[in-house]
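Please look through the sequence and the three-dimensional view that follow, and keep both open while reading this report.

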Amino acid sequence: IALLSMSTGTFWITATNRDQYASEVKDIGHGIFTYCILQGLKGGATLNNIDNDVTVMELGTYLNREIPELAKKYKEVEQYPNIYGYGQDFPIVIVKKY
């Protein structure tokens, strides 16, 4: 909470650019964007495994990498998330390691 309270700014993450459509995929049970968000928050987006947290910028990096790959694999179309950030990075989830 202390790290979050020190951050200022805004972060926007959307499923696509304005000229694309967000793809739904029956095989993964969600849209590609939702699936990648959930996987990222479960730990897929941890770039620094020392602290086990997922920051907003780590999540953005993860989404930029994963969404285009899954869109190409399942739908054979282009889908790129639209990510805008201003301000300090901050953790949004701490991943429990079992």
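## A salt bridge

A salt bridge is counted where a side-chain nitrogen of Lys or Arg lies within 4 Å of a carboxyl oxygen of Asp or Glu, and a search of the whole structure by that rule finds one. The side chains of Arg 65 and Glu 66 form this bridge, with 3.1 Å from N to O. Relative accessible area sorts residues into buried (under 20%), exposed (over 50%) and partly exposed (in between), using a 1.4 Å probe and protein chains only. On this scale Arg 65 is partly exposed, because its relative accessible area is 36%, whereas Glu 66, at 18%, is buried.

## Source and confidence

This is a predicted model, in which local features need pLDDT of at least 70 and side-chain atom pairs count only at pLDDT 80 or more, while totals for chains, interfaces and linings use all residues. Residues are numbered from 1 along each chain as its sequence is written, and side-chain values use heavy atoms, with hydrogens and water left out.

The predictor's confidence in each residue is given as pLDDT, on a scale from 0 to 100; its mean over the chain is 88, and 89% of the residues reach 70 or more. Confidence is lowest in helix α1 (residues 2-6), with a mean of 62, and highest in helix α2 (residues 32-44), with a mean of 96.

## Overall fold

Helices (H or I, at least four residues) and strands (E, at least two) are taken from DSSP runs and numbered from the N terminus. The chain has three helices and six strands, which follow one another from the N terminus in the order α-β-β-β-α-β-α-β-β.

Of the 98 residues in the chain, 36% are buried. If contact means heavy atoms within 4.5 Å, then 68% of the contacts with a separation of 6 or more are between residues 24 or more positions apart.

Phe 11 lies in strand β1 (residues 9-14) and Phe 90 in the loop between β5 and β6, so the pair ties together parts that are 79 residues apart in sequence. Phe 11 is partly exposed, with a relative accessible area of 23%, while Phe 90 is buried, at 16%.

Where does Val 95 lie? Val 95 is found in the segment after β6 (91-94), and with a relative accessible area of 8% Val 95 is buried. Leaving aside neighbours within four places in sequence, Val 95 is in contact with Leu 41, Lys 42, Gly 43, Thr 46, Asn 52 and Val 54. Val 95 and Gly 40, 55 residues apart in sequence, are 10.0 Å apart in space, C-alpha to C-alpha.

Most residues other than glycine have a negative phi. Glu 76, although not a glycine, has a positive phi of about 55°. This residue, Glu 76, lies in the loop between α3 (56-75) and β5, and Glu 76 is exposed, because its relative accessible area is 71%.
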